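Thank you all for coming.

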Amino acid sequence: MSSRSNISVELQYQEFLEEVITFTLCTIISCVFLFINGTMLFTLRSKSVFRDTCRYILLFNLLLADTVQLSLSMVLFLLAVCRIKLTYPLCGSITSLSNLTNVISPLTLMVMSLERCVAVCLPLRHVVIITITNIRMAIVALWALSSLHNFTRIALLLDFPFKDLETLQMERFCSDFAMLLGPSSKDYDNAFTGFLFVSAGLIVISSYVGVIIAARSASEGKSSTLKARNTLLLHLVQLCLSLSSTVYNPIIGPISKIITRVEFSRLQRFLYIVIIISPRCLSSLIYGLRDQTIRPVLLQNLCC
């Protein structure tokens, strides 16, 4: 009995130590990149060249969604580490906003890829097609589509018999996965995730192929075409990182049924860092430091 209790205490201490290390690491990384993202958002609104350029307007929308998503993910992570369980209405409100911004990122990357494709493949019509008005309408359409997806999730969630529960206090920690109550919600979430993954991937890859074809047939402007191709490659990498967070629920659901609680907790912490935090932290670095116009202003704002 004594040896078993000692083993149990050692396992609890090891699990506690892992949680402390993960908490410290995630908190520091999130706070640093929240500061960088906030500075990047301020930079994109600080000068008229950024406010009146279509690609920078799209970049602001992407960073805004990533920053909100990173903040909400950090809040949910801190609640789980502190063993705080919320009620279903409060958790549903937080996860709904989180899911709203989570869908915005890949949708914005799709529009950014199309904008670069039009700039290279249709240079004479780019000024006519890609206008500030059209970009703002596209951004409104993205938020409307994401909101429609969110309202559908809420409608499916209302079919759950909450009135049969003794209390609205959740038995598990608040997360998007915990709010998938009932088979209808899970099936819809998996179907929408698959549709978003395939459609976004096809659009970005098609834009990249279009730029490659235009580069081969163009006799002038090879440098701008090469730059657009590299930008689309970055869009594709960022899209894969953003879409990785959308497949978090389909991945974590089946795995939770075949491994132990301790192993599942470790896997959740690992996937949280790789899938949830990393994509939201890299946007400002990928686009901010690479852009010759943004970089000096961003570095100045960071230093000051």
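This is a predicted model: local features need pLDDT of at least 70, side-chain atom pairs count only at pLDDT 80 or more; totals for chains, interfaces and linings use all residues.

A search of the whole structure finds 1 disulfide, the term being used for a pair of cysteine sulfur atoms within 2.5 Å. The partners are C91 and C174, whose sulfur atoms lie 2.0 Å apart, and because the torsion about their S-S bond is about 90°, the disulfide is right-handed. This pair links distant parts of the chain, 83 residues apart, with C91 in helix α4 (residues 88-121) and C174 in the loop between α6 (132-157) and α7 (183-217); helices here are DSSP runs of H or I, at least four residues, numbered from the N terminus.

Residues are numbered from 1 along each chain as its sequence is written, and side-chain values use heavy atoms, with hydrogens and water left out.

Both C91 and C174 are buried, meaning under 20% relative accessible area, where exposed is over 50% and partly exposed is in between, with a 1.4 Å probe and protein chains only. C121 is partly exposed at 32%, and its sulfur is 3.8 Å from the closest cysteine sulfur, in C117, which is too far for a bond.

Turning to the threonine, T43 sits in helix α1 (residues 2-44) and is buried, with a relative accessible area of 0%. T43 touches F50, I294, V297, L298 and N301, leaving aside residues up to four places away in sequence, where contact means heavy atoms within 4.5 Å.

How values were computed: Helices (H or I, at least four residues) and strands (E, at least two) are DSSP runs, numbered from the N terminus.
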